[in-house]
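The paragraphs below are meant to be read with the sequence and the model side by side.

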Amino acid sequence: MKKVAVLVSGGGSNLQALIDAVKAGEIPARISLVISNKPEVYALERAAQAGIPGVVIPTKNRSREEYSRQILDKLQSEEIDLVCLAGFTRILAPLIPQAYPERILNVHPSLLPAFGGEGMYGLRVHQAVLESGTKFTGATVHLVTAETDRGPIVCQDIVKINDDDTPETLARRVLEIEHRIYPQALKILAEGRLKIKGFRTWCQEYYK
Ligand code: GRF
């Protein structure tokens, strides 16, 4: 049974999707820890309601190295096996993916590698998607490496962009995709069935 830590910064709707999937017995894992970089976020309330220990590790006015070192120390002291970034808004220093190779997942609200990278988060992503004229967007769950938003892709799914879409309406539809594919990606990783070659992965359970 893999021990999972989830890193959050906000509402925690993706955390909730993972909690619900684990509770339903869909994923051979236990969410043992939630780490937030902000104290007053609903994600910590969701963790408390699920009986999951939550800790705050502030990142404000701290170097990437400094807060990443503290996060890593906590992950290792709790003997965490897998890490899920779920609405976590800060970039982790390479020391974390180096300590957890192919064991950290992140969800991003676009079809990576498009509309990803430093500074591309939240409504900015959907604004850029709409301005690009593309007809489809979607969500991606990928492995975290030292390169932001550029790890091997584990799961994706798409939504068609409507003529009257706004960044807000698009964000809502993409979030629904996130809530569906994140548990699927964690299940594949927790079951040790993810095959990786370069940026490509094979995850039969999703494409069956
Ligand atoms: C989501 O839009 C997700 O794409 C991004 O963080 C946002 C908030 O997620 N990673 P959550 O509701 O806090 O899980």
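Which hand does the crossing of α1 and α2 have, left-handed or right-handed? Before the answer, a word on the model: it is a predicted one, in which local features need pLDDT of at least 70 and side-chain atom pairs count only at pLDDT 80 or more, while totals for chains, interfaces and linings use all residues. Residues are numbered from 1 along each chain as its sequence is written, and side-chain values use heavy atoms, with hydrogens and water left out.

The crossing of α1 and α2 is right-handed, where a crossing is called right-handed if the near helix is turned clockwise from the far one by less than a right angle, and left-handed if anticlockwise. The names of helices and strands follow DSSP runs numbered from the N terminus, with helices being runs of H or I of at least four residues and strands runs of E of at least two. Two packed helices are described by the angle between their axes and the distance between the axes. For helix α1, residues 13-23, and helix α2, residues 42-49, the angle is about 15 degrees and the axes lie 9 Å apart; here axes are lines fitted to C-alpha atoms, for helices over the stretch in contact, and angles run from 0 to 180 degrees between N-to-C directions. The two helices α1 and α2 are therefore roughly parallel to each other, since angles under 35 degrees count as roughly parallel, over 145 as roughly antiparallel, 65 to 115 as roughly perpendicular and the rest as oblique. On the α1 side the contact (heavy atoms within 4.5 Å) is made by S13, L15, Q16 and I19, and on the α2 side by A43, R46 and A47. Sorted by class, these residues are 4 nonpolar, 2 polar and 1 charged, with Ala, Val, Leu, Ile, Met, Phe, Trp, Tyr, Cys and Pro counted as nonpolar, Asp, Glu, Lys and Arg as charged, and the others, Gly among them, as polar.

Helix α1 also packs against α6, at an angle of about 45 degrees and with the axes 9 Å apart, which makes α1 oblique to α6. The crossing of α1 and α6 is right-handed. In this contact S13, N14, A17, L18 and A21 of α1 meet L175, E178, H179, Y182, P183 and L186 of α6, and the residues divide into 7 nonpolar, 3 polar and 1 charged.

Which residues of α1 are buried? They are N14, L15, A17, L18, I19, A21 and V22, where buried means under 20% relative accessible area, exposed over 50% and partly exposed in between, with a 1.4 Å probe and protein chains only. These buried residues pack against β1 (2-8), β2 (29-36), α2, β4, β5 and α6. Just after α1, G25 takes a positive phi of about 80 degrees.

Within helix α6, which spans residues 167-190, the reader can find I177. This residue counts as buried because its relative accessibility is 7%. Leaving out residues up to four places away in sequence, I177 touches A139, D157, I158 and V159. I177 and A43 are 134 residues apart in sequence, and their C-alpha atoms are 19 Å apart in space.

The backbone is the next topic. Most residues other than glycine have a negative phi, and most peptide bonds are trans. E79, although not a glycine, has a positive phi of about 55 degrees, and this residue is found in the loop between α3 (64-77) and β4 (82-85). With a relative accessible area of 58%, E79 is exposed. F115 likewise has a positive phi of about 55 degrees without being a glycine, and at 25% relative accessibility F115 counts as partly exposed. F115 is found in the loop between β5 and α5, and P113 is in the loop between β5 (104-108) and α5 (123-132). The peptide bond from L112 to P113 is cis, with omega near 10 degrees.

How many disulfides does a search of the whole structure find? The search finds 0, a disulfide being a pair of cysteine sulfur atoms within 2.5 Å. For C84, the nearest cysteine sulfur is that of C155, 12 Å away. C84 is buried, with a relative accessible area of 0%, and C155 also counts as buried at 0%.
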